[in-house]
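Trainee: I would like to learn how to read a structure. Could you take me through one?

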Amino acid sequence: AFTQVILDGMSWLGLSWDEGPFFQGAGLARHQADADRLVAEGKAYLDDGAVRFRVQHEEVAWDDAVHARIVFHGKDLEDFVILRADRTPVYNFAVVSDDVHMRVTHVFRGDDHISNTPKQILLYRAFGQEPPVFGHVPMILGTDGKKLSKRHGATAVADYQHEGILPQAMTNFLALLGWSPGGDRELFFDIGEMIEAFGFDGVQGKAAVFDPKKLEWMNAEHMRAIGPARLVGLLGDGLSTLPPARAEALVAAVLPRSRTTLDVLRQARQRAGLDPVVPDEKAAAFIAKDEPGYRRALDLVTQALGSAADWSAAGLEAELRRVAESNGMKAGAVMQPVRIALTGSTVSEPVNELLVVVGREAALGRLGAGAR
RNA sequence: GGCGGUAUCGUCUAGGGGACUAGGACGUGGCCCUCUCAAGGCCGAAACACGGGUUCGAAUCCCGUUACCGCUACCA
């Protein structure tokens, strides 16, 4: 189950792998044989049924690919268990046995493994093998500076899918946490460019704090870079009942005021009439402030637009202003009621454009309903 | 406690001895645009943890202190 979460996360991000996964359990017989051999060579010994590795007082050091040289001393390490009393191997031992077996040349993992590395190097030595290149990348912390956990919301990367984050934005954001291409560049709309720009020189040695706000900003940038036409295909089936051209027009209208695909979907569906118009808190307050005035404005607009010949942004703009002027009203006193009747929100694209997107028939229907 | 890692705006970071009045981005404050806004434009506030060295010169190199993080399992 945990394996699947990781695999799903990678798939979602568009990251692939070319072999495996390989499971530790598959190497049990070899692990046991390797441990027995170390015992036979006097490099490990039995202790309460378990097999314990004998740590000598020697220096253990390596040139980390991310950090500089890291040095430990054998005297600070205790003899550690490599095989439990039930003959199953412990992680530190199993990985070394496996990596030797698989001829692994580079090991990159989180900073939290730095303390495991000297033990593993000792095991490579005991096996008479050259250790691989180790690189320890910084960890990612929550906004509170603590290790990421359930309390911080999404635990698995793929959870962000449901928050309306695009995988390419997530990848871009994650890559920049603990890594910088140098200079001021930070937006990568093409993963190929990112791969090309990557280097261990740019990897930071310190942990980075995850900032959801910046993720959303970056997501908005990616959505705009992708453009309405291609974005429609990445939104799931929220707009699938609509003709593609219609869906694209809706997305285009709503994109400037969206940071996540959820924002896009919500506004687009609402404009398409797929979801009902329900005034939000601010809209309800606006109506309550002067309900007769609100209805009157909608009534005037409904009458004026009902016979309007030109249902274009420019034509509607002119018509709406004419309504306001001839009734001695400010433009806003006409526009805002229309906006609310059409979207249930006090925020949207300019009202004339909104009318075009919603469409003549649906718009007049909602306006009429609001006036009553 | 021991061992290890790390230390530049609130956050992500640029910076590899003089180019630093320390740059960019997110966020944030203000202004403009304007029928509204989470959109666009402009402007601003905001950081080299501290103390010693080295050097003509240190954000950059060295040492110490402090803080934070990790490990210290017959977990991974």
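Trainee: Among contacts in chain A between residues at least 6 apart in sequence, what share joins residues at least 24 apart?

Mentor: Two residues are in contact if their C-beta atoms, placed from the backbone, lie within 7 Å. Here 66% of those contacts join residues at least 24 apart. Keep in mind that this is a predicted model: local features need pLDDT of at least 70, side-chain atom pairs count only at pLDDT 80 or more, and totals for chains, interfaces and linings use all residues. Residues are numbered from 1 along each chain as its sequence is written, and chains are lettered from A and ligands numbered from 1 in the order in which they are written.

Trainee: How many helices and strands does chain A have?

Mentor: Helices (H or I, at least four residues) and strands (E, at least two) are DSSP runs, numbered from the N terminus. Chain A has 15 helices and 9 strands.

Trainee: What is the span of helix α9?

Mentor: The expected span is 1.5 Å times one less than the number of residues. Helix α9 covers residues 261-272 and reaches 16 Å from its first C-alpha to its last, close to the 16 Å expected. After α9 comes G273, with a positive phi near 85 degrees.

Trainee: Is T261 buried or exposed?

Mentor: A residue is buried if 20 or more other C-beta atoms lie within 10 Å of its own, exposed if 12 or fewer, and partly exposed in between; C-beta atoms are placed from the backbone. T261 counts as buried because it has 23 such neighbours inside 10 Å. Beyond its neighbours within four places in sequence, T261 contacts G164, L166, L234 and L235. Other buried residues of α9 include V264 and L265. Their cover includes α8, α13 and α14.

Trainee: What is the strand order in the open sheet of 3 strands?

Mentor: Two strands pair if DSSP finds at least two bridges between them. The order is β1-β2-β5, with antiparallel pairing. β1 and β5 each have a single partner strand, so one side of each is left without a neighbour in the sheet. β1 and β2 pair over 4 bridges. One of the bridges joins D47 to A50 in β2.
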